[in-house]
Amino acid sequence: MAMSALLRLLVAFAAGTIFGFGLSLSGMVDPARVIGFLNVASGHWDPSLAFVLGGALLVALPGMAIQRRLARPALDDCFHLPTATIIDPRLVVGSAVFGAGWGLAGFCPGPAVTALSIGLTTPFVFAAAMAAGMVLHDHMLARK
């Protein structure tokens, strides 16, 4: 493995570790906390996710401003940013499926993968369903 590929892998691992630690520290690996945020009408609303999202914005917005000023990233030849700008039915349906899954299970991919380290059954079931959905999606795309 080339040194630059190894360095990219190590940086990705470090970033993922920091992200997972932040999710654990903020309690976002607990599906009850996420569902408590989404269940506004229950009378027991938990606003903690809003603060986590606000903290993420405090990191992401300056990072995006810096990225726009750079010609290329430190460990690659170019930035790999999405180019699609059209809101099509696939995007709307995919967003709805993601939102429904998040609301029902209390997990989205990052916290689910982080919660695998806890050893409970629910994150493993969610991660397996998520992986099956990814394989199904890729299989359907390969047909087209």
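Predicted model: local features only at pLDDT ≥ 70, side-chain atom pairs only at ≥ 80, totals over all residues.
Biologist: Hi! What is the pattern of the protein chain, read along the sequence?

Modeller: The pattern is α-α-α-α-α-α. The protein chain has six helices and zero strands.

Biologist: And what box do the C-alpha atoms fill?

Modeller: Roughly 50 × 40 × 35 Å, taken along the principal axes.

Biologist: How many residues are there, and what share counts as buried?

Modeller: The protein chain has 144 residues, and 17% of them count as buried. The chain exposes about 10,700 Å², with carbon and sulfur atoms supplying 74% of that area.

Biologist: What part of the contacts comes from residues 24 or more positions apart?

Modeller: Taking contacts with a separation of 6 or more, such residues account for 43%.

Biologist: What about the charges, how far apart are their mean positions?

Modeller: There are 8 positive and 6 negative charges, and their mean positions are 6 Å apart.

Biologist: Let's zoom in on helix H2. Which of its residues are buried?

Modeller: H2 covers residues 31-38, and its buried residues are Pro31, Val34, Gly36 and Phe37.

Biologist: What do those buried residues pack against?

Modeller: They pack against two helices, H3 (48-69) and H4 (89-105).

Biologist: Which residue caps the N-terminal end of H2?

Modeller: That is Asp30. One of its side-chain oxygens lies 3.1 Å from the backbone nitrogen of Ala32.

Biologist: Switching to rings: how many aromatic pairs are there?

Modeller: The count comes to three aromatic pairs. Phe37 and Trp45 form a tilted pair, 5.8 Å centre to centre with 35 degrees between the planes.

Biologist: Why does that pair count as tilted?

Modeller: Because 35 degrees between the planes falls between the limits of under 30 for stacked and over 60 for edge-to-face.

Biologist: Now Trp102. Where is it found?

Modeller: Trp102 is found in helix H4. Leaving out residues up to four places away in sequence, Trp102 touches Val34, Leu38, Leu49, Phe107 and Cys108.

Biologist: How far is Trp102 from Pro31?

Modeller: Their C-alpha atoms are separated by 8.9 Å, although the two residues are 71 residues apart along the chain.

Biologist: Why does Trp102 count as partly exposed?

Modeller: Because its relative accessibility is 21%, and buried means under 20%.

Biologist: Last topic, helix H5. Which residues does Thr114 touch?

Modeller: Thr114 sits in H5, residues 109-115. Not counting residues up to four places away in sequence, Thr114 touches Gly20, Leu23, Ser24 and Val29.

Biologist: Is Thr114 buried or exposed?

Modeller: Thr114 is buried, with a relative accessible area of 15%.

Biologist: Which backbone oxygen lies 3.0 Å from a polar atom of its side chain?

Modeller: The one of Gly110. Gly110 is also in helix H5. An α-helix has 3.6 residues a turn, so residues three or four places apart point the same way.

Biologist: And what is Gly110 in contact with?

Modeller: Aside from neighbours within four places in sequence, Gly110 is in contact with Phe19 and Leu23. Gly110 counts as partly exposed at 23% relative accessibility.

Technical notes
Residues numbered from 1 in each chain as written. Heavy atoms only, no water. Buried < 20%, exposed > 50% of the residue type's maximum accessible area, 1.4 Å probe, protein only. Helix = DSSP H or I, 4+ residues; strand = E, 2+ residues; numbered from the N terminus. Contact = heavy atoms within 4.5 Å. Polar contact = N/O pair within 3.5 Å; in protein donor to acceptor, adjacent residues only side chain to side chain. Phe/Tyr/Trp six-rings, centres within 6.5 Å; stacked < 30°, edge-to-face > 60°. Areas by Shrake-Rupley, 256 points an atom, 1.4 Å probe, with all protein chains shown as cover. Lys, Arg positive; Asp, Glu negative; His and termini not counted. Charge placed at Lys NZ, Arg CZ, Asp CG, Glu CD.
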